[in-house]
Amino acid sequence: MNNIIGKVKNLRIFLISCDLILIFILSIFFYLLLPIKTNSVVFIPQGSVAKIITQLNKNNYKMSSIDKYILYFLGHPQSGWINIGLAPLNRVEFLYKLTIAKAALETITLIPGETTEIFFEQLAPKLDLDAKILMQEFQKQSPFKEGMLFPETYKFPKGITEELLIKYLLSYSTNEFKKISYKIFREYNENKWHNYIIIASIIQKEAANNQEMPIVSSVIRNRLKKDMKLQMDGTLNYGKYSHEKITPQRIRQDDTSYNTYKFNGIPKEAVCNVSIDAIKAAIFPAKSDYLYFVRDKKTNKHIFSTNLKDHNKAIKN
């Protein structure tokens with residue numbers, strides 16, 4: 001009799017275990033068949049599956065341990081931009097796409113000295129985006145109006161949204177700027193750093209080449225110390241005016257802080273996006289007594305002067 005009772009108990013335990021396993025399997029299937037909201041393209045960093053899941057969570061994909069193990073089973077996701085497409089997907093379809101679907105990329109270069117507005121106008125038609133929406137997203141996501149993008153050759157996928165592109169650009173650029181700041185200052189202070197970016201943007205617009213940058217930087221510092229107006233054309237090449245020749249009429253009409261003929265000090269915002277050389281020149285100006293410079297039409301470089309008399313001679317020559 002005891003034997004029969006024992007067998008019945010074991011059978012019950014077995015059946016309950018089977019039920020629990022079945023419920024567990026069905027729960028996983030149900031979870032994997034849930035719809036997932038995603039962009040048409042997704043950026044996947046290089047690294048382990050755990051790192052990829054962490055990155056996806058940062059981008060609000062709400063991944064779990066189940067997703068991690070399913071990815072291990074499906075195969076390692078490709079790094080870079082993944083073409084997810086526009087069709088609605090469930091979780092397992094999304095995870096599978098991460099392992100097979102590379103996006104077609106468009107190569108776009110941001111040149112040092114270019115303004116964000118002009119860059120977006122150049123970039124938009126290549127990616128079938130709206131330049132105005134790009135600018136609106138930039139203003140929404142960026143802590144500053146200009147100088148926040150790191151000059152680089154980028155590869156972006158067709159189908160990326162304006163919001164995602166700006167998010168990626170700002171994230172990548174901020175990380176690059178932080179690396180430089182930590183190397184020089186062993187810290188990253190956003191406001192202090194941006195002040196250097198503003199000075200670097202003036203240097204970027206004014207210097208004829210990289211070798212001149214520390215000297216132009218010294219002129220800026222020397223004039224600021226003497227409470228002299230900078231009186232530099234390059235500060236007026238902001239925004240849509242990036243490539244315009246500065247005329248006396250423009251100087252008279254522009255009432256923004258970019259007009260260093262009218263206002264003392266540096267502009268309230270950067271003029272353009274800047275190179276590492278311009279940033280280093282802003283932080284480490286050359287030691288000089290120069291207060292003036294003018295472009296030599298023969299060499300296309302600048303002639304630097306310590307006084308107005310020599311400066312006027314250089315202009316005449």
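1. Helix H7 (162-185) and helix H8 (190-206) each give at least two residues to the lining of the largest cavity. Helices here are DSSP runs of H or I with at least four residues, strands are runs of E with at least two, and both are numbered from the N terminus. A cavity is a set of points, on a 1 Å grid over the protein atoms alone, where a 1.4 Å probe fits but cannot get out, and lining residues have an atom within 4 Å of a point.

2. A word on the model. This is a predicted model, in which local features need pLDDT of at least 70 and side-chain atom pairs count only at pLDDT 80 or more, while totals for chains, interfaces and linings use all residues. Residues are numbered from 1 along each chain as its sequence is written, and side-chain values use heavy atoms, with hydrogens and water left out.

3. Cavity contents. The structure has 1 cavity of 30 Å³ or more. The largest cavity holds about 40 Å³ of space. That volume is the space filled by probe spheres set on the grid points, which are joined across faces, edges and corners. Its lining consists of Ser181, Phe185, Glu187, Tyr188, Asn189, Lys192 and Trp193. By type, the lining has 3 nonpolar, 2 polar and 2 charged residues. Here Ala, Val, Leu, Ile, Met, Phe, Trp, Tyr, Cys and Pro count as nonpolar, Asp, Glu, Lys and Arg as charged, and the others, Gly among them, as polar.

4. Ser181, one of the lining residues. Ser181 sits in helix H7. Is Ser181 buried or exposed? Ser181 is buried, at 1% relative accessibility. Buried means under 20% relative accessible area, exposed means over 50%, and partly exposed lies in between (1.4 Å probe, protein chains only). Leaving out residues up to four places away in sequence, Ser181 touches Arg186, Glu187, Tyr188 and Trp193. Contact means heavy atoms within 4.5 Å. Ser181 and Ile279 are 98 residues apart in sequence, yet their C-alpha atoms are 9.8 Å apart.

5. Glu137. This residue belongs to helix H6 (residues 131-141). Glu137 is buried, with a relative accessible area of 11%. Beyond its neighbours within four places in sequence, Glu137 contacts Glu162, Glu163 and Ile166. Glu137 and Glu162 are 25 residues apart in sequence and 6.9 Å apart from C-alpha to C-alpha.

6. Salt bridges. How many salt bridges does the structure hold? There are 6 salt bridges. A salt bridge is a side-chain nitrogen of Lys or Arg within 4 Å of a carboxyl oxygen of Asp or Glu. Side chains of opposite charge can pair when their charged atoms come close.

7. A bridge between distant parts. Lys158 pairs with Glu106, and their closest N and O atoms are 3.9 Å apart. This pair links distant parts of the chain, 52 residues apart: Lys158 is in the loop between strand E6 (153-157) and H7, and Glu106 is in strand E5 (residues 105-109). Lys158 is partly exposed at 36% relative accessible area. Glu106 is partly exposed too, at 25%.

8. Two further bridges. Glu176 pairs with Lys179, with closest N and O atoms 3.1 Å apart. Glu176 and Lys179 are 3 residues apart in helix H7, so about one helical turn separates them. Glu176 is buried at 16% relative accessible area. Asp254 and Arg250 also form a salt bridge, at 3.1 Å from N to O. Asp254 is buried at 7% relative accessibility, and Arg250 is buried at 11%.

9. Helix H9. This helix (residues 213-225) has 13 residues and spans 18 Å from its first C-alpha to its last, close to the 18 Å expected at 1.5 Å a residue. The expected span is 1.5 Å times one less than the number of residues. Its buried residues include Met213, Val216 and Ile220. The buried residues of H9 pack against H8, helix H11 (276-283), strand E7 (292-295) and strand E8 (302-305). Just after H9, Asp227 has a positive phi of about 60°.

10. Positive phi elsewhere. Asp128 is not a glycine, yet its phi is positive, at about 55°. Asp128 lies in the loop between helix H5 (116-126) and H6. Asp128 is exposed at 63% relative accessibility.

Definitions and conventions:
On a 1 Å grid over the protein atoms alone, a cavity is a set of points where a 1.4 Å probe fits but cannot get out, and a pocket is an open set with protein on both sides within 12 Å along at least five of seven lines; lining residues have an atom within 4 Å of a point.
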